[in-house]
Amino acid sequence: MDLDKAIKERKSTRKFSHKKPDWRDLIECIDSVRFAPMAGDNFSLKFVIVSDKKKIGKIAEACQQDFLAKAHYLVVVCSNPERTINAYGKRGEIYARQQAGAAIQNFLLKIEEKNLATCWVGHFVDNQIKRELEISDEVNIEAILPIGYAFEKTKPSKTEIYEAGVFVARYSQDWRDNKNDVKISVFTGKNISKEKGMKPGLWKVGRSKTITIKKKDIAKIEK
Ligand SMILES: Cc1cc2nc3c(=O)[nH]c(=O)nc-3n(C[C@H](O)[C@H](O)[C@H](O)COP(=O)(O)O)c2cc1C
């Protein structure tokens, strides 16, 4: 994927589809963090993959953000500033956090390239996460990254609606009686309702559109 496209199209996702990502793709995204700049080349990070549903639920609680519980994986980004502090004193603490940010951005762009989705989550109760994952005190939790595919509400195309309409028309009274073009009503689920006392099989239709199904298309599927 073109770098400019990845940078511009990356966005936070908070609703995931049921499709589970291949863990190999996730590993590839994590591998991209090796190429981020690190002060003195001291790599201070660990990316922990959480796949256990119960643990994911507990971490979602620690973040007070329900959408995390719906992710297939969580990646918990941890940094240990020990080596950067040894090399640079107090500034080493800042470097460890800055290089975590650089690494996370690599990861986010790679996630975009793989057509996966995530959201950088920085709001959480540190101790709750550390307890859940048995992470020691000197380690910083930098971010939680829920992983999945973005949930997309796709609209059917005009062709798909027409094709479905051919089948509806094929079994209509109009077709049986006249064997000619058939007009059908097109509406979505949110345009139908049921009022008290309506007989089974009857629905009230709000907004609908009429389309004409051509005789020749119905004849084709009747053969
Ligand atoms: C340090 C940091 C912490 C964040 N924490 C959260 C968070 O706790 N929950 C959340 O839903 N989004 C969080 N975000 C995501 C931002 O809300 C998001 O990046 C921003 O709204 C811009 O949207 P975009 O990522 O789609 O471009 C965080 C982002 C950063 C960089």
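Visitor: Which residues surround the ligand?

Guide: The model is a predicted one, in which local features need pLDDT of at least 70, side-chain atom pairs count only at pLDDT 80 or more, and totals for chains, interfaces and linings use all residues. Residues are numbered from 1 along each chain as its sequence is written. A residue is near a molecule if its C-beta atom, placed from the backbone, lies within 6 Å of it. By that criterion the ligand is surrounded by Lys11, Ser12, Arg14, Gln65, Cys119, Trp120, Val121, Gly122 and His123.

Visitor: How many nonpolar, polar and charged residues does the shell around the ligand have?

Guide: The classes count Ala, Val, Leu, Ile, Met, Phe, Trp, Tyr, Cys and Pro as nonpolar, Asp, Glu, Lys and Arg as charged, and the others, Gly among them, as polar. Sorted in this way, the shell around the ligand has 3 nonpolar, 4 polar and 2 charged residues.

Visitor: Is Cys119 buried or exposed?

Guide: Cys119, one of the residues around the ligand, lies in the loop between α5 and α6. Helices (H or I, at least four residues) and strands (E, at least two) are DSSP runs, numbered from the N terminus. A residue is buried if 20 or more other C-beta atoms, placed from the backbone, lie within 10 Å of its own, exposed if 12 or fewer, and partly exposed in between. Because 22 other C-beta atoms lie within 10 Å, Cys119 is buried.

Visitor: Leaving aside neighbours within four places in sequence, which residues is Cys119 in contact with?

Guide: Two residues are in contact if their C-beta atoms, placed from the backbone, lie within 7 Å. With neighbours within four places in sequence left aside, the contacts of Cys119 are Ser12, Thr13, Arg14 and Pro146.

Visitor: How far apart are the C-alpha atoms of Cys119 and Cys78?

Guide: Cys78 lies in strand β2 and is buried, with 20 other C-beta atoms within 10 Å. Along the chain, Cys119 and Cys78 are 41 residues apart. Their C-alpha atoms are separated by 16 Å.

Visitor: Where do the buried residues of helix α2 lie around its axis?

Guide: The buried residues of α2, which comprises residues 23–31, are Leu26, Cys29 and Ile30. Seen down the axis, their directions, taken from the helix axis to the C-beta atoms, fall within an arc of 100°, so these residues line one face of the helix. An α-helix has 3.6 residues a turn, so residues three or four places apart point the same way. The buried residues of α2 therefore lie on one face, within an arc of 100°.

Visitor: Which exposed residues does the face of α2 turned away from its buried side carry?

Guide: The buried residues of α2 pack against β1 (45–50), β2 (73–79), α5 (91–113) and β3 (140–147). The face turned away from that buried side carries the exposed residues Arg24 and Ile27.

Visitor: What do the buried residues of α3 pack against?

Guide: In α3 the buried residues are Ile56, Ile59, Ala60, Ala62 and Cys63. They cover an arc of only 160° around the axis, which puts them on the same side of α3. Their packing partners are β1, β2, α6 (126–133) and β3.

Visitor: What radius of gyration does the protein have?

Guide: The C-alpha trace spans about 90 × 45 × 25 Å along its principal axes. The radius of gyration is taken over C-alpha atoms, and the globule rule is 2.2 Å times the number of residues to the power 0.38. A compact globule of 223 residues would have a value near 17 Å, but the protein has 27 Å.
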